[in-house]
Structures are given as structure tokens and as C-alpha cells.
Amino acid sequence: MINFSGNYFDLFGLPPAFRFDVGALDRAYRQLQSEVHPDRFAGGSDAEKRVALQSSARVNEAYRALKDPVLRAQYLLSLRGVEAVGESDTRLPFEFLERQLERREQASDAQAARDARTLSALRDDARSEAHELEDLLAQLLDGGDGDSTVRTRVSELTFLAKLADDIDAMLAGIED
Amino acid sequence: MALLQISEPDEAPAPHQRKRAIGIDLGTTNSLVATVRNGLAVVLPDLDGRPLVPSIVHYGERGIDTGYAAMSQQTRDPQNTIISVKRLMGRGLADLSDARRFPYHFVESPGMVRIATRAGVKSPVEISADLLRALKKRATEALAGAIDGAVVTVPAYFDDAQRQATKDAARLADLPVLRLLNEPTAAAIAYGLDNASEGVYAVYDLGGGTFDISILRLSRGVFEVLATNGDSALGGDDFDHRVFCWVIEVAHLPPLSPSDARLLLVKAREAKENLSEHESAPILATLHGGQVVNVTLTKAIFTEITGNLVAKTLQPVRRALRDAKLQTTDVKGVVMVGGATRMPQVRRAVAEFFGQPPLTNLNPDEVVALGAAMQANKLAGNRESRDDWLLLDVIPLSLGIETMGGLSEKIIPRNATIPVARGQTFTTAKDGQTAMSVHVVQGERERVADCRSLARFELRGIPPMVAGAARILVTFEVDADGLLDVSAREETTGVEATVTVKPSYGLTDGEIATMLSDSFAHAAEDMQARALLEARVDAEQIAAATRTALAADGDLLSADERAAIDAALRALEAMREGSDHVALRGAVESLNRATSDFAARRMNRIVAGALTGRRVDALSS
């Protein structure tokens, strides 16, 4: 029997890899939710409703953690026993940090000037760098590379994704 | 080897006994109740064939009137005729920027606003309960029997306080609520199932007092809300008010009495509705002092004076699309819901924004109630397996807690799929600290002062430790109704901290108990009878659910575990016919405790089965 407190990949019957069939994840997610969702137990006992609520919330959490590449990379790290770190990691390479700080500065200037074009260019730039990192991570994580390199790359990805989202929020503020 | 379970003939659940399930659209201006009959969702009309119930309650000398009967009193007795009470749900007096628009005697009270009426001081929850009672009565008569379960709809953008207030109103009206359902989602169910739609759809729902936009992905029986946004204080009412103000201006009217104001407001609404069909609408009224108002509202003027209201709906639309990470071109169809979407300028603006004519081929007043009825039918267990579907909805506003410096730390972000549970660990600031206070807020802004205060929690019973040593995990859980529950435990010792909720704009359990007893006119035996009836219904439900579970998965239990459950079930059965509701309630609780581990094991089996089934599907396809 599958232990419901087991790892997220097992829950969806997927191999624990960074690159996988997203369609298979979506299908497994819907299949699981259609079995455990509280809507299936609206006429059940309190104990059943309680378990359905917890199970459905857990399936949602697992889906979120695997669907998003940043969270998925962090989760794969945590399965290796390596604590994933957030964007506040201070051990990132100096050149990387310098490049991102420069981007952030440019974004702030563009925001002040209400320059949507520059903002969206900066965001797209950050996103494409993030995508490149994802490709690299797919090789590293799925190829079983050393933890320390992987950890740094995951931190960089986390940082970049956050930066892109922040710039996107600035853009949204201008458009509203 | 598992033994076969054979139930007593009289214990076997009747397989085709249909539940009386209803969907209720509790609207700002109008409410409806619908059910599924012969596989078709239908609105239940009154004896005169009218489907709508105006959401109006009149507290008169001779009792309470609702709907059309209350409507006819509104210009005569505006202070005791409550309209648009939905706008007051879960709101404080300070929240009502438009409080002057209401002719009521508002009562200053902490938390939710109250209104002084002839029948005493009323909370919006009690007034809504009066509306729900009228809808329940209509359904009970139409279905010839007590209602087994109801789905009550709420605006998708309703916050926790507004949802809780709605659920409390249903509780006061003694309505068994299966689920609170978001209005645009209900509309999507009705529309999507009728049209077998696939793809991304937007539901633009402009009601009497609320605006919602939801972006959904429909695929093979799954309704997945990708993002929702809105304005819970923007609707057709505001268009009426613009017309009202325009009339006062062009007719050079002095300050009006409450009766005259209500009369003009009614005329303004009529003119608005007229303009959906005609180029101009006369507004003719004789005021109390004999003064005659006679002006003509043209489509052009109406469009001009309401232009910024229409524009105000498009900002949430942009935000919802952005959150869903989609463009207007990704949207396959825009479903129009709510009476206010009949206004041509609204349809034009939506068509222009999305670059396609919106879908207006369904009745915008009825579609929400119809979808709610379909969902109620499914939740009550009446559905056929062939028309099963899965609904994945989201929380509309981020939930957070106040941290140092008055900032909100988001714990659950907006548009997270519900149900959702997230934890956050806190520690103590002082040596030996045994309590801490947590302020829960909802909203997107960074400063707590700009968010909505939901509740303050006192955590007590933290084991004394040195400062910073305690690890208090506070878990936020949002259920399928979109309602928040908070629990806390100290992780190093496993001690559960007690959470005492002080809702900022809600009612406490004590207040609800008082309202319940008031509604029975202090008749203690009524309260007892009701408590017994409720306990019996619960007892029946859990007994049936337990028997079904035992029959299906009894092999998951050891002989001892099975014996314990059987004993709890027997104890419950023995008490079911008695009149001691406290004892019966206790027996229900015991059976719940006895089966909670069993329920978890069954869920594991279901999960395992689901995956196996999927793998088989994958292989065969």
C-alpha cells in the first residue's frame, strides 16, 4: 500500500526526476483529487471529512511542489537530504549576485520612469536565464551530480525566479 | 481472509432513495433556489410562477415579510425594509464608505455592523437568515419534504469574514449546508456541463452588489479555477445610485426623506433596466410633498455617468488573467453572469476587452442557482457516475499574519487551490513565555493596516522554555468552503496550544447561540427538540457512513479494532431513539473517534487504488 506520507513523486506514481512528463503529473493529480476531494465525502462521517480535507490539501501541496520547476528542484534537493535555500542565500557566486543586483537597479529605475518596455525586457531576460538554468539543472539533478554544485544552481534559480516575479509585479503596478 | 459482510435487511441503505438537494443563490438584489429534477436543473418558482425572490426583508408590526411582499413596503417603511443586506455581511460600519446611502439606523458595535429595526437590533447574518428561511420554505414545499442538503453560493471574492457570515446565516436558518460555492464557479458548472465545453473560459459576474471574474480551465469533467479576482462592493446597485444622483442634480432636488429617496432609487433602477431595451427611459415620480419629478434618461447619458464603474470592473479582469499567466487571446469564451451584465455598455466593454462577443445565451439571473443545484445534487450523492465532475477552486485573497513592524507575512497566497494547509513556525521572545498572540489578516497589501483583519488568536499552554527554544507550528487550513481554521502545536514537546478565536468582523459562537435561542422566541423546548433532531440526523449519517465503510474495507481492521467500532456503533444505535441529545451527541463523537484511524487507512487504500487505476488506463491508451 502507498503510504500517504511518502514522497511526492511516489504519490503521483512518477520517477523522482527534474525532467518528467508534465501531462502525466496533471493526469495523476486530477485522478487523485477526484478520489480524495472533500466533495466525494460531503455525506460522510466527520472522521471521513477530516481525512478527505487533509488528503486533498496534501495532494494540492504535492502538485504545487512538483509542478513549479523552482519548487521541484528544491524538493529534489531535500530528498537528497540537502536543505534547499531561499533567495537569501549569501553563498551565491559574486558575479551572479552582481548581475542580479544590476538588473534589480535597472528595474527600479524603469519602474520610477514607468517604462513598461524596459521592465518587460528585464523580466523576459531573467526568465530566459532561469530557463537555461533549468536545462542545466535537469542534467545535474537527473545525472546524479555532486550536491554542492546543484545546491548553488538551485539557489540561483530560486533567486532568478523571484527577481522575474518581482519585476512582473512592478510591471503589473504600472499597467493597473 | 476477509469475511463477507452481510447487513440486516432493514439496515441496508435504500439504494435509490434520492436526497432533497437544493442550490441557493443568495444575491444582493435577488435570490433563487433551484434543484435537479429528472436530471435537469430547474429554478423553483413561487405560486405565481415568479422565479426570483427579491432579497428584501421587512420587519413589520405583524411579523416578517420577505421577497415581493417586503418589496411593496419599501417606500412606505424604508427604515424597517432591508435591501442589499449582502453588502453588509462581515463588514464593520467603518467599512461602509456608502453608509449614508442606506436609510437604516445603524448601531455602533464592535465588529459587524448592526441595524436597529422594529423587531430589535439585527445583524446582517440574522437578516440573511430570514431570506434563507423563505427560500428553504419554498424548496420544502416544492420538494414535499425536509431539505437534506444545500449548496449556498457566495461571490468568489468574498473574504473569510463574509463567507463565515453566510455560513452562520444558513446555520441560523437551520439549513444543512453541503458547501459554500463560488458564484462564477457555479455558473461555469451550469454552462460547461450544458455545452460540454473544453478550454479556458472567463466568467464575468456582475451582480447587484458584487463583481467577480474567474478564469477556469475546463477539461474532461474537471473545472479548474486558475485565478479569481473582483470587487465585493461593486455591482448593479452602484449603477442605480449613479442614476439616482443624476436625477437629484438635474431635477434640482432638496435633501430627500428616506421614503422619497427609496422611491427615487426604485425609479432609477427601473430606468436602468428599461435602457437595456430602449434608447431612453422616463423617470416620473411624485414625492411626498407633492413635488413631481419628470426627467428622461438617455442611453448616452447613462453610459457616460456609469463609464468609470464599467472601467472599474476591467482592472480585476486584467489581474486575474495575469495571475493565471494568460492573455485575452487564450480565452475561448466569456460567460456573462448577473443581471447587471444585461446593460449594453457592460457587454460592449467586455467584448472590446476580450476581442470577442461574450456568451449571453443563458439567463444571467438563473445560471448561478442552476449550477449550485447541480453541485448540491452531486454532493448529496444523487448523481449518476456518468455525469461526475471534479471542481478545483481557489482562495481569492492571500492569508497572512502580522509580523514585527505591522507587516503582513503571507502564509497562503491568493489563488492557491483549496483545500490547502500551510504551516509557519514561531518562537517565543521571552524566557518562560507560555502564551502568544497571532493576528490573522487577508489581503494583498504589505502593511497589515491595509489588509482585512480576520481574527486574533491567543495561543496558550506553550510549555515554559528559554526564549527562542520553543518551536510553535501554527497551521492554517482552508477547507473546500474557503473557510480558514487555525491550529497550533509546540513541536519539541508535542503540546497542543489552545487557539481562541476572536473574529474581527464575525460572530462568536456565543452570539450565534443567543441568536438561535432568540429565533425560537426563548422557547426552551424548541431548542431541545432542534438539538435532538440535529443529533439524530448526524447519528444516522455517521452510522450509515460507518456501515458502508465496514462493508467495503472491513479487512483493514484487526479483530480488536473491528470490535471497538462495532461496540461504538451499537452504543450509538441504542441511543438513537432516546431523547437525550447530549448523550446521543457523545455517542456520535465516540464513533467518530473510533473510526478516525480507519478513515485514514481507507484513504490510503483509495489513493493506492487511484494510481493503479491510472496506470491501467495509461497502459490501455
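This is a predicted model: local features need pLDDT of at least 70, side-chain atom pairs count only at pLDDT 80 or more; totals for chains, interfaces and linings use all residues.
**Ground rules**

I number residues from 1 along each chain as its sequence is written, and chains are lettered from A and ligands numbered from 1 in the order in which they are written.

**Entry 1: helices of chain A**

I looked up α2(A), residues 22–36, and α3(A), residues 46–67. (Helices are DSSP runs of H or I with at least four residues, strands are runs of E with at least two, and both are numbered from the N terminus.) The two helices pack at about 170°, with axes 10 Å apart. (Axes are lines fitted to C-alpha atoms, for helices over the stretch in contact; angles run from 0 to 180 degrees between N-to-C directions.) α2(A) and α3(A) are therefore roughly antiparallel. (Under 35 degrees counts as roughly parallel, over 145 as roughly antiparallel, 65 to 115 as roughly perpendicular, and the rest as oblique.)

I noted some residues where they meet. Among them are Leu25(A), Tyr29(A) and Leu32(A) in α2(A), and Val59(A), Tyr63(A) and Leu66(A) in α3(A). The residues of this contact divide into nine nonpolar, four polar and two charged. (Ala, Val, Leu, Ile, Met, Phe, Trp, Tyr, Cys and Pro count as nonpolar, Asp, Glu, Lys and Arg as charged, and the others, Gly among them, as polar. Contact means heavy atoms within 4.5 Å.)

Next I turned to α3(A) and α4(A), residues 69–79. They pack at about 100°, with axes 5 Å apart. α3(A) and α4(A) are therefore roughly perpendicular. Arg64(A), Ala65(A), Leu66(A) and Lys67(A) of α3(A) touch Pro69(A), Leu71(A), Arg72(A) and Tyr75(A) of α4(A). I find five nonpolar, no polar and three charged residues in the contact of α3(A) with α4(A).

**Entry 2: strand β1 of chain B**

Is β1(B), residues 21–25, buried or exposed? Five of its five residues are buried, so the strand is largely enclosed by the rest of the structure. (Buried means under 20% relative accessible area, exposed over 50%, partly exposed in between, with a 1.4 Å probe and protein chains only.) Both faces are covered: Ala21(B), Gly23(B) and Asp25(B) lie on one side, Ile22(B) and Ile24(B) on the other.

I then checked its partners. Strands of a sheet pair through backbone hydrogen bonds, either parallel or antiparallel. (I count a pair if DSSP finds at least two bridges.) β1(B) runs parallel to β11(B), residues 149–154, over five bridges. There Ala21(B) stands opposite Gly149(B). β1(B) pairs antiparallel with β2(B), residues 30–37, over four bridges. Ile24(B) has Val33(B) as its bridge partner. β1(B) and β2(B) form a hairpin with four residues between them.

**Entry 3: a five-stranded sheet in chain B**

I traced an open, mixed sheet in the order β18-β13-β14-β15-β19. Neighbouring strands are turned by 25° on average, direction ignored. Inside it, β13(B), residues 199–206, and β14(B), residues 211–219, pair antiparallel over eight bridges. Ala202(B) has Ile215(B) as its partner. Helix α9(B), residues 344–354, lies across β13 and β18, at about 160° to β18(B).

**Entry 4: β20 and its partners**

I followed β20(B), residues 399–403, next. β20(B) pairs antiparallel with β21(B), residues 407–412, over five bridges. Leu399(B) stands opposite Ile412(B). Their hairpin has three residues between the strands, and Gly405(B) takes a positive phi near 80°. Three bridges join β20(B) to β23(B), residues 436–442, also antiparallel. There Ile401(B) faces Val440(B) as its opposite.

**Entry 5: two single residues**

Gln442(B) sits in β23(B). Gln442(B) is buried, at 5% relative accessible area. A polar atom of its side chain lies 2.9 Å from the backbone nitrogen of Asp160(B). Gln442(B) also touches residues including Asp159(B), Leu397(B) and Cys451(B).

Val53(B) belongs to β4(B), residues 53–54. Val53(B) counts as buried, at 8% relative accessibility. Its contacts beyond four places in sequence include Thr29(B), Gly67(B) and Arg138(B). I also checked Arg163(B), 110 residues from Val53(B) along the chain: the two C-alpha atoms are separated by 21 Å.

How values were computed: Side-chain values use heavy atoms; hydrogens and water are left out. A polar contact is a pair of N or O atoms within 3.5 Å; within protein, one must be able to donate a hydrogen and the other to accept it, and residues adjacent in sequence count only if both atoms are side-chain atoms.
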